Amino acid sequence: RQFEKGLRASQYPISEVHGYQLAYLMEPDSVPLQRFWLDRLRREIEERRPFAVLGSKYRGDNWYDFFRGLAIPLINHINGNAVYNISHVLTNLMVSQLEIEAEQMYNFIPFDLRMAQMWTE
C-alpha cells in the first residue's frame with residue numbers, strides 16, 4: 001500500500017538526506033479551516049510527545065443514524081489525517097504488520113481502520 005511505502009521512504013536515509021522521525025498525512029479531500037493550522041499542529045506535537053500516532057477520531061455526521069451498531073475499532077479509529085511517529089516502536093510494529101498483510105484479505109481494509117483494529121486487539 002501507498003501508506004506503508006510512504007512511511008518507510010520517510011524513515012530511511014535517501015542519498016544525503018537523513019531519515020525523519022515524524023510523517024504528516026493529510027488526505028487529499030481535507031481542507032484546513034483555521035488560519036495558521038500548521039503552527040498549531042507543531043505546538044500540539046511538541047506538547048503531546050511522545051506518541052505513536054497523533055490525530056483525531058472521525059467527527060462527521062454520516063454515522064449518526066447507525067452509530068450504536070458500529071464496531072469499536074470503527075468508532076475509535078483515528079482518521080487518516082494524522083502525524084505518525086515513524087521512530088516509535090508501536091508505529092513500526094503496526095506498519096510491519098500492514099506490510100505482512102499486503103497479500104491477505106486485510107489489505108482490503110483501509111489502513112487507518114486496520115490500525116484501529118490492531119490497537120483494539
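Trainee: Which helix and strand each supply at least two residues of the lining of the second largest pocket?

Mentor: Keep in mind that this is a predicted model. As a general idea, rolling a probe the size of a water molecule over the atoms shows where empty space is left. In this case, at least two lining residues come from each of α1 (2–11) and β1 (22–25). The largest share, four residues, is supplied by α1.

Trainee: Which residues line the second largest pocket, and about how much space lies in it?

Mentor: The lining is made of Q2, F3, G6, L7, A23, Y24, L25, Y84 and F111. The space in this pocket is about 190 Å³.

Trainee: How many residues of that lining are nonpolar, polar and charged?

Mentor: Seven are nonpolar, two are polar and no charged residue takes part.

Trainee: Now to single residues. Is D112 buried or exposed?

Mentor: Burial is read from relative accessibility, and the cut-off for buried is under 20%. D112 has 12%, so it counts as buried. Its place is in helix α5, which spans residues 111–120.

Trainee: Which residues is D112 in contact with, leaving aside neighbours within four places in sequence?

Mentor: D112 is in contact with E27, H77, I78, N79 and G80.

Trainee: What does the side chain of E101 make a polar contact with?

Mentor: Its partner is the side chain of R114, at 2.8 Å. Not counting residues up to four places away in sequence, E101 touches Y106, N107, R114 and M118.

Trainee: Which side chain does a polar contact join to that of Q34?

Mentor: The side chain of R40, and the contact is 2.4 Å.

Trainee: How many residues apart in sequence are Q34 and Y84, and what is their separation in space?

Mentor: They are 50 residues apart in sequence, and C-alpha to C-alpha the separation is 21 Å. Y84 is one of the residues lining the second largest pocket.

Methods
Residues numbered from 1 in each chain as written. Predicted model: local features only at pLDDT ≥ 70, side-chain atom pairs only at ≥ 80, totals over all residues. Heavy atoms only, no water. 1 Å grid on protein atoms, 1.4 Å probe; cavity = no way out; pocket = protein on both sides within 12 Å on 5 of 7 lines; lining within 4 Å. Points joined across faces, edges and corners; volume = space filled by probe spheres on them. Nonpolar A, V, L, I, M, F, W, Y, C, P; charged D, E, K, R; others polar. Buried < 20%, exposed > 50% of the residue type's maximum accessible area, 1.4 Å probe, protein only. Contact = heavy atoms within 4.5 Å. Polar contact = N/O pair within 3.5 Å; in protein donor to acceptor, adjacent residues only side chain to side chain.
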